[in-house]
Amino acid sequence: MQRHFACSGEGFPKKDEMLKLYLSSAYLEVRCFFLTEDEATSRGLLSMFTSGGLAPSLEIINSTYTGIFHFNLTLFSERVYWLITIPRESLTKNTGVTAVEEWLVRISLHHGLNIYSTEGTLLDTIREPILQWNLGVKMGKAECSRLQPHVIDLKVTKSPCANDVALLAFIMNATFNGIYIGLSFSGFWKYDNTTWYNMTENIYSELEEDLTDLSVVDIVLTNHFLVILTSLGLFVSRDLRSPSASALKFSRAEFCGFERGDYVKGKLWYNENCFANKESFEVDYVSITFDRNKTLSESSACFYSAEPFHEWLPCIPQLSRGVKTIPLKVITFLIDIERNNGIYLLSNQKETIASVNILKNNQPSLQSRFPKFVFPSSFSVPIGMVFHPRSHFLYAYGNQIWLSMDGGNTFDLIADFYHDVIRRSFHSFYTSDITFVSQHGKVYFTKAGVKRYSEIGSITDKIFTLYYDHLGYIHKLTPDHFEADELLSATGNSRAIFDKVPDMGFEAVLAPQFISFNEIIFYAYVPSNEPKATKHTKKFNNLHFGKILYSRKTGAAYIKKVLQHENRKGFLSSIITKIIDPFGVEQVSDSSCVSSSIFITNAGNDVYKLTLHLQDVKSSFQQSDLEKTVVIPSHSSFLITEVLDDMNALAIATMPETVPINMTFSKDKWFLYNFGLNAERTWNIFSRKCNYWFQQCDKESLSLSIQRYIDLGKHYSLKVKIIPTVAEIKPAGRNDEGSSSLAFIIWEASTECFVTTFVSVVKSSCSYLRFMHHVPRTIIPLEDWISGIYNDNQGFNMIKTLPVNYRPPSQLGIAIPLTDHFYHADPSKPIPRNLFLKSKKTGKYKQCANMSTREECNCTDDQKISHAVAFSDCKEKVPRYKFPVKQYPVSLQIFTLEGSKPVDLPYLVTVTEVNKRENWILQHSIPATIAKLKSYLESRLKVSVYNPEALKISIQGSELFHFKVTVVPGVTFCNLVEEFQIYVDAAPLPFPGHTLIAIAAAIMLGGLIFIVFLFQLYNIHPWDRFQKCLGKRK
């Protein structure tokens, strides 16, 4: 058994099985094995690696995050595997159901060493929306088997953020009536791992009358909704972010005048984007087109809607009365959320047009963003248009493929299939792979943004669809089985599901023409009697660009450029190539004519006569020399088209301008090459092996699709390395919110490369990883917070444990709290300071609302130490300072992925006390340059504005002060808010206590002085009388 490294989430990993991990509500557990021929050897190897300080490391990556976790070096209980257990909180603290990215997982035997590694995915199963629902009635194997013979087509859709989560829909014939959909959360690797649902009742429950012949027509899974086009109408699910125990319900979209015959010819169009960490400007759109022209009573044959897909509007805005237009059918309508445009692919019998209109209030307007792009008449069968996921690459396809990289302003021709038509396209955002399937079953492949493509095989299955999983592996799905490449490779494309790699050559004779020592032009010969309808089959085209031309004798050349010729007799196309291996020439044993000299004359009509001057009696032209090429350095080459006799042959010149007429060339001055078709084609064209290495720089995320945020006035640098050159992209910041995709494309890279395109999505927005934090004057370790004791150098405990159901004082006194916020809440305990009516009317539990005990409040450890007022119910301990607090520095830091920096100008802040307490003042300085800005903001915000630099606070009150610091709007996209608390202890008695004592003391002292005065006035001597009384007693 071959030794190899493998990991799994549970159980023993199977050979060549993809690593699929799933994050539950508790923790992630991963086991890694070093598989050998027996358990004892495996255990010994584990011990050897571990004793040497080597253990696996797990790297978790998505577009915004990279985290590394190390397996324990200690092996327990004679285990034959390494084990790591990661609490959920260490990966994410969020549990809400919403679109969330599926992570890429890379595990290597030791981080930084390229030995023994594996990769896979990690899916958060408790947050992925579609997984939280009961989709319908589950079906068993027997029920699925009964359906399979009646399936006439398949439709697949996948979660935009987690491509391993996908739905496969059966399109049924008239024999079976219903909606049958399969759900996979592991990427359709195994048919048995797919859960099948009968969703017929989900749809019928929304129909007001008994209708039959129900089947799926098309299906789209957006970030938050499932949209199903059926033969009886369009149905939209409930918001998938709000799951319930009941079956998933749908609502029916109404389109006046459209019937079953229209729906079965309808198509759904969707621009796939992942809206994890969704911004306000990120909205999903879905459009539907009907394959018919609208009638006078109908507003459109194309409709679109934005989530939640309640209102469906015509794609084409209504024209003003009297405005005449050429009738065009809408083939596709897409929303470009990056540029805020609506993009149309329009067609009629005369022309095909791409039109881009500006969106206003999320609706397409009559205002064009660019002039209309008119495709040439050769693009006669447009089928559709699609954005490559998470990018700005726009493809229009049909009998040709066109690519736009500027949002539909211009298009470049990628491929021309003449009498074949592309029917479907399939995409992988991760590897940038794009696969096109034609109506004849041929499969073509390209990379996003690359202007070259390859033919990678064909599919003979009558009913199938293709699907890319999250890691970019392609799967062939059929009604009764799934196929995927069993040879999992991280540096190539999975092609095993197709027939053998095709030869991309064509049945034509080639004539080589040297233009330098290492460059050759190959002309493709088209006979003059070739029918016009088949001439294109004997021409080079874009398919051949970037490929390798091989001679079956010896030699290979890289195709650098494809040229088309209109007025060159016999040669309608050519390729410029760079020699990789020299091509073999014909020897005497192949063609005896090469042992003679050759004389060239003009035979007229662009034909030349080649005559042998014998130097060997056995030398002659033979019929086998037809379609071979005479090559004369520094002169035109000649393709032999006819052998007249042993001494003479007719030929056409590749470069008539350089024909050496009436010249003789000795046998060592000319050569004969064979790129003909006499017995069989003597040359082939195949894809070029990967010729570039793409490397991200150290500080960048290791994801192939990264997302970065640019705040106001900032910039973002993207640096990638193409060995041996380095490229850097540095986009400027934007002044408005939105997103842009930046693509780095290796133009010269072969489509065989795993990476040719690197896409970075840059959002002019606030990163969810960017936040503001208050740095306290004294840093208290976490373990001391837990214990509640942290003494300063004077023995003063700087941690205050708040009383149960505590509320801070108000201006009316300590005993009369007026705030709504409880701290250290416990509904089972009495509420202190609650004697006065005003206090009884205030005070509301938040997390403990409607609970009977503190345990039921479910306060987490993070909530107990949080300063946020939202978690005040859970707050138990606060920092404690002695009275008075003077010149306390309000130190603020902004934290991002790149690190932290102080909050300074141009940021300005407001400071409030959340419990509306006073007895505190702030000290700061305002530079003259921003004094007017400060005054303007204060007039608009109706609150004081402060400079965060050297901001200090002084407190004259006692007990808890809870401050909230907010960065003013207009200087950042982020809502930067921070809260901090200070408990002031050891304060003097509050007013009016100290004043009353002072007054009482003054009265007593004044009274005593007055009594002494009276004694003196009336000559009263109390001391003498006291002595007399004392003497009488004696």
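Visitor: Why is lysine 476 called buried?

Guide: In this predicted model, lysine 476 has a relative accessible area of 6%. Buried means under 20%, so lysine 476 counts as buried.

Visitor: What makes the contact between glutamate 483 and lysine 476 a salt bridge?

Guide: The closest N and O atoms of glutamate 483 and lysine 476 are 3.5 Å apart. The cut-off is 4 Å between a side-chain nitrogen of Lys or Arg and a carboxyl oxygen of Asp or Glu, so a pair within that distance qualifies.

Visitor: And why is glutamate 483 called partly exposed?

Guide: Its relative accessibility is 27%. Buried would need under 20% and exposed over 50%, so a value in between is called partly exposed.

Visitor: Let's turn to arginine 106 and glutamate 119. What makes them a salt bridge?

Guide: Their closest N and O atoms lie 3.6 Å apart, and the limit is 4 Å. Arginine 106 belongs to strand β7 (residues 103–108) and glutamate 119 to strand β8 (residues 117–124), so this pair ties together parts that are 13 residues apart in sequence.

Visitor: What makes glutamate 586 and lysine 628 a salt bridge?

Guide: Their side chains meet at 2.8 Å, N to O, and the cut-off is 4 Å. Glutamate 586 sits in the loop between β42 (571–581) and β43 (597–604), while lysine 628 is in strand β45 (residues 628–631), so the pair ties together parts that are 42 residues apart in sequence. Glutamate 586, at 7% relative accessibility, counts as buried, and so does lysine 628, at 4%. Both also take part in a network of salt bridges with Lys553, Asp590 and Asp625.

Visitor: How do you know which strand gives the most to the lining of the largest cavity?

Guide: That is β52, with three residues. β52 (705–709), β55 (738–745) and β56 (757–764) each supply at least two. Among the 24 lining residues, Asn273, Cys274, Arg390, Gln707 and Val761 lie nearest the centre. By class, the lining has seven nonpolar, 11 polar and six charged residues.

How values were computed:
Residues numbered from 1 in each chain as written. Predicted model: local features only at pLDDT ≥ 70, side-chain atom pairs only at ≥ 80, totals over all residues. Heavy atoms only, no water. 1 Å grid on protein atoms, 1.4 Å probe; cavity = no way out; pocket = protein on both sides within 12 Å on 5 of 7 lines; lining within 4 Å. Helix = DSSP H or I, 4+ residues; strand = E, 2+ residues; numbered from the N terminus. Nonpolar A, V, L, I, M, F, W, Y, C, P; charged D, E, K, R; others polar. Buried < 20%, exposed > 50% of the residue type's maximum accessible area, 1.4 Å probe, protein only.
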